[in-house]
Amino acid sequence: MSASVLITGANRGVGLALARHYHAAGRAVIGVCRSGGEEAAELRDIAETLIEGIDVTREEDVARLKQLLAGRRLDLLVNNAGLLQDEGLGELDFDSIRTQMEINAYAPLRVTETLLGNLGEGARIANITSRMGSIADNDSGGRYGYRASKAALNAFGKSLAVDLKPRGIAVAQIHPGYVQTRMVKFGGMISAEEAAAGIARRIEALTLENSGGFWHSNGEVLPW
């Protein structure tokens, strides 16, 4: 059986590009997404297994995901589903900040913990984070919810790396770059395909020795 790769938020953007990449590489892609129908049309042709209707912020949906994957080994878990919203000081929307924390930080941790039984020795976890989660690199302010949620994801990922090392599971936090996706109204600097290729290279280079790191998809080590 070919190695299994599970990708959340796999129906568009970087997630879909990663699904294309791993499908082309002969990997068994398990695509997980919240929206089905036309939004998942291409993914339906790529994924060996498509699991629709999974809201990664909902405990019952993630529990259903676990049931559907019972007994199946995952060689790679890519926590990709994310949300970017903008808030400025003086007009903070705390519901928006809370939602971004739920999707960008808590959900990847929930999915990872729930699927630990599917991840054996030699498995890898890639958390798709953002350079905006770097505290040291913040020189423009704003984006309170997105920055905080990605910083929290980085902290969760680092702890996962420490806790999972004895099990032989490596973890990476990877910034895809400024990608031309709907999240940024297609105003990015690189294509989703370029980002996916870089992310895959970082995952390929991931070992227990460098587990827990925070990288740009181009290989740059990012500051916390």
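Student: Which strand holds Gln173?

Tutor: In this predicted model, Gln173 belongs to strand β6, which covers residues 170-175.

Student: Why is Gln173 called buried?

Tutor: The term applies under 20% relative accessible area. Gln173 has a relative accessibility of 0%, and therefore counts as buried.

Student: What makes the pairing of the Gln173 side chain with Gly212 a polar contact?

Tutor: A polar contact requires a pair of N or O atoms within 3.5 Å, one able to donate a hydrogen and the other to accept it. A polar atom of the Gln173 side chain lies 3.3 Å from the backbone oxygen of Gly212. The distance of 3.3 Å is within the cut-off of 3.5 Å.

Student: Which residues is Gln173 in contact with, leaving aside its neighbours within four places in sequence?

Tutor: The contacts are with Asn127, Thr129, Asn154, Gly157, Lys158, Gly212, Gly213, Phe214, Trp215 and Trp224. Contact here requires heavy atoms within 4.5 Å.

Student: How do helices α3 and α4 pack?

Tutor: The axes of α3 (residues 59-68) and α4 (residues 94-114) are 10 Å apart, at an angle of about 35 degrees. The crossing of α3 past α4 is right-handed. Glu59, Val62 and Lys66 of α3 make the contact with Arg110, Val111 and Thr114 of α4.

Student: Where does UniProt place the feature "domain: Ketoreductase"?

Tutor: The unreviewed UniProt entry places that feature at residues 3-177. The span is 40% helix and 16% strand, with its end C-alpha atoms 26 Å apart.

Definitions and conventions: Residues are numbered from 1 along each chain as its sequence is written. This is a predicted model: local features need pLDDT of at least 70, side-chain atom pairs count only at pLDDT 80 or more; totals for chains, interfaces and linings use all residues. Side-chain values use heavy atoms; hydrogens and water are left out. UniProt positions are given in the numbering used here, feature names are shortened, and annotations may be inferred rather than shown by experiment. Helices (H or I, at least four residues) and strands (E, at least two) are DSSP runs, numbered from the N terminus. Buried means under 20% relative accessible area, exposed over 50%, partly exposed in between (1.4 Å probe, protein chains only). Axes are lines fitted to C-alpha atoms, for helices over the stretch in contact, and angles run from 0 to 180 degrees between N-to-C directions. A crossing is left-handed if the near helix is turned anticlockwise from the far one by less than a right angle, and right-handed if clockwise.
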